[in-house]
Amino acid sequence: MLSEKKGKTQKTKIIDWSYLFSLFLSIVLALLVGALIMAATGHNPGKAYLALAQGATGCSSIGEFFTSVFTKRQFGNTLEYTMVLTLTGLACVLGARVGIFNVGGEGQLYLGAICSAQVGVILSGMSPWLVIPCAVLVAMAVGGFYAWIPGVLKVKLKVNEVITTIMLNSVAIYFCSFLSNGPWQTTESTRRGGTQTLAGELRFPRLIQGSSLSTAIIGSAVVALLVWYVLSKTTTGYEMKLIGQNSRFSFFSGLKVDTITIWAMVVSGAICGLVGMFEVYGVKGSYQDGISNDFYFDGLLVAMIMRYNPVGIMLMSIFFAFLKVGATGMELIAGVPGELYRIIQAIVIFFMAAEKGISGLVKANVEKSRAKREAKQRLKEETV
Amino acid sequence: MNIFSAGLFKQMLRSATPVALAAMGGLMTEHAGIMNIGMDGMILIGAFVAVSFSYFTGSAAIGVLAAVLVGVLIGLFFALFVVKFKSDEFIIGTALNILAGGATVFLLRAIFNVKGTFQGTADRPLSGLPLINSSFIGNIPVIGGIINGNSLFVYLTWLFVPLVWVFLYRTPYGFWIRAAGENPGALRTAGISPEKMKWISSILCGAFCGFAGAHLSLGNVTMFSEGMSNNRGFIAFACVIFGGANPLKVYLAALIFGFFDALGYRLQEYRISPYLTSMIPYVITVVMMVYVVVRQQRRRIAQKAGE
């Protein structure tokens, strides 16, 4: 009972300062480790990080940032990737809330992308007002269905969903390659491994010229707000939380645990499918092999770092999008391999995951030495 | 052209070996009660270390040794977080996989200045592991053609599987490792630290994944390519579950995977798209996972009915 009360009083705190502090510390430490790696491989860390900031914003000075950042191509890419990370991160949260880990977002994204692209090819010549809703529906249905399989296997048969979703990722990616190099291959002679390029009027208008930022960001914002609303303001969201904390208790309280769990997975997959559709209609203009560069895994990491908090994910997505897009600039300007951002990302997670354990160990040590000192003192007093 | 030729079974052994080696490590951590999904990253790092040391020293043996040593270090690193800091195993495993993917690509660029794959340079080609050819083995009727002329690791695996079995079921350390997962409280009462057993199992897992990675990059082929572990760590995990963490059954599971992987290669000769045939082992892994769970449940129900 007591522990339950404690938990409640902690929840009412709006901002967990100690958590934010360790998050900040983890990021700073990870960037420091990144700097050390750069120094060790013969690069200038200061210059590289400046190049990173330049690569993410497209601005070479602070003055330029305030006057014209919204016209910069690179800044558009950063915003677009923020949207991808937010959606994939939230997709991960939907599963994690009910205690099921959807690691298969990558496969759901690929299938959503290629199916929606093919919808655009089949319905070419028709009004965008018909084609785009169709494409959205197909992408979400395909992604949702593909997440439904591991969801049902987990709920009905208790098959480990981490393994099945990862295996299904490989299956989906190979299957998409089969389609894009076989039956659905483009007839354009200049490209291989992709579907036919979509007609111009089907593609989302660009918000910043030359960048990948399109009006898809509006759709993403709507979806993100919906997910946030459902998770934190509705009974369904509360029920999901209960299931995640204690599914047996929820079951005996009369919640439809199985149905809610499977639906959480389906919606999670549908969002991933939608991200794939946005990538095709907003950025690439067709399905291409390797269309997602680990988008879902990046989102998954952001979700883990923010401990599956929706608002936190939206904010942290900005930082990691900055890092990923900036890494491209860093590679071009400073010659540091862009993969460094992935190392930094992983290190942040290691620090965050270890944070509780380390602080626990430190506390235990402090307690131990204090107890020892007190015991010694008492011993002295008694002997005197 | 017969699809079930000796070549198919040879390919089966080749494909099964890295998975089986990693799975030998995975069943250690499984017994110790750690859900280790970081094996994929461990294999990838092992493959990279093996190739780079083989390149710089010119000796494949040193490459293998380095891969195993680095595997031990990664096992220590993994245990530091999972056992000492009590972090979430799922998060640490995922982070390890991501770190391995990023670090190997980064180092490939930083050290060898190439993207994608590294096969050594023109003046210094990579030295791979030798194939074992013996006329004595080759003359054994029926299976001689299959088991002769494989990479060294195929035979090493046959040595490791029974050794791991003996270690787990016939030595005190094996007993303690199993107890650390099944009943840590009882183990602690007996005066043995379950945490220590978890450390040992993680280290062994890292070493085996190092072997698996070395075989992948110096035995199967002689090169390193980005993400070449290709989810084999997860397949190894599935094999561990399929085989109930019993080394012999786990090796059998790895052979099933190897068989379907090899079958996929063969089917390409029948003009089936390589993309479709590449799907086969992953689909089979899902089927294997479902099969083993359903069988367990049936048995449980039968037991209940028997009572």
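**Figure 1. B:Asn113 in the loop between H4 and strand E1 of chain B.** B:Asn113 is found in the loop that runs between H4 and strand E1 (117-118) of chain B. The model is predicted. Phi of B:Asn113 is near 60 degrees. That is a positive value in a residue other than glycine. Most residues other than glycine have a negative phi. Is B:Asn113 buried or exposed? B:Asn113 counts as exposed, because it has 9 C-beta neighbours inside 10 Å and the cut-off for exposed is 12 or fewer.

Figure 2. Helix H3 of chain B covers residues 60-84, 25 residues in total. From its first C-alpha to its last, H3 of chain B reaches 35 Å. This is close to the 36 Å expected at 1.5 Å a residue. Just after H3(B), B:Lys86 takes a positive phi of about 55 degrees. B:Lys86, too, is a residue other than glycine. B:Lys86 sits in the loop between H3 and helix H4 (89-112) of chain B. B:Lys86 has 15 C-beta neighbours inside 10 Å, so it counts as partly exposed.

**Figure 3. The fold of chain B.** Chain B has 13 helices and four strands. Its C-alpha trace spans about 60 × 45 × 40 Å along the principal axes. How does the radius of gyration of chain B, 20 Å, stand against that of a compact globule? With 307 residues, a compact globule would have a radius of gyration near 19 Å, so the value for chain B agrees. Buried residues make up 52% of chain B. Contacts between residues at least 6 apart in sequence were also examined in chain B, and 74% of them join residues at least 24 apart. The mean pLDDT of chain B is 90. In chain B, 98% of residues reach 70 or more.

**Figure 4. The fold of chain A.** Chain A has 15 helices and zero strands. Along its principal axes, the C-alpha trace of chain A spans about 100 × 60 × 35 Å. Of the 384 residues of chain A, 52% count as buried. Among contacts in chain A between residues at least 6 apart in sequence, 75% join residues at least 24 apart.

**Figure 5. A:Leu332 in helix H14 of chain A.** A:Leu332 lies in helix H14 of chain A, which covers residues 310-334. A:Leu332 counts as partly exposed, because 13 C-beta neighbours lie inside 10 Å. How far from A:Leu332 is A:Ala141? The two are 191 residues apart in sequence. In space they are 39 Å apart, C-alpha to C-alpha.

**Figure 6. The contact between chain A and chain B.** The contact takes 37 residues from chain A and 38 residues from chain B. Which elements of chain A give two or more residues to the side that touches chain B? They are helix H7 (128-157), helix H8 (161-181), helix H13 (295-305) and helix H15 (340-383) of chain A. H8(A) provides the largest share of that side, 13 residues. The residues of the side of chain A that touches chain B divide into 25 nonpolar, nine polar and three charged. The model scores ipTM 0.90 and pTM 0.90.

Methods:
Residues numbered from 1 in each chain as written. Chains lettered and ligands numbered in written order. Predicted model: local features only at pLDDT ≥ 70, side-chain atom pairs only at ≥ 80, totals over all residues. Rg over C-alpha atoms; globule rule 2.2 N^0.38 Å. Buried ≥ 20, exposed ≤ 12 C-beta atoms within 10 Å, placed from the backbone. Contact = placed C-beta atoms within 7 Å. Nonpolar A, V, L, I, M, F, W, Y, C, P; charged D, E, K, R; others polar. pLDDT = per-residue confidence, 0-100. Expected span 1.5 Å × (residues − 1).
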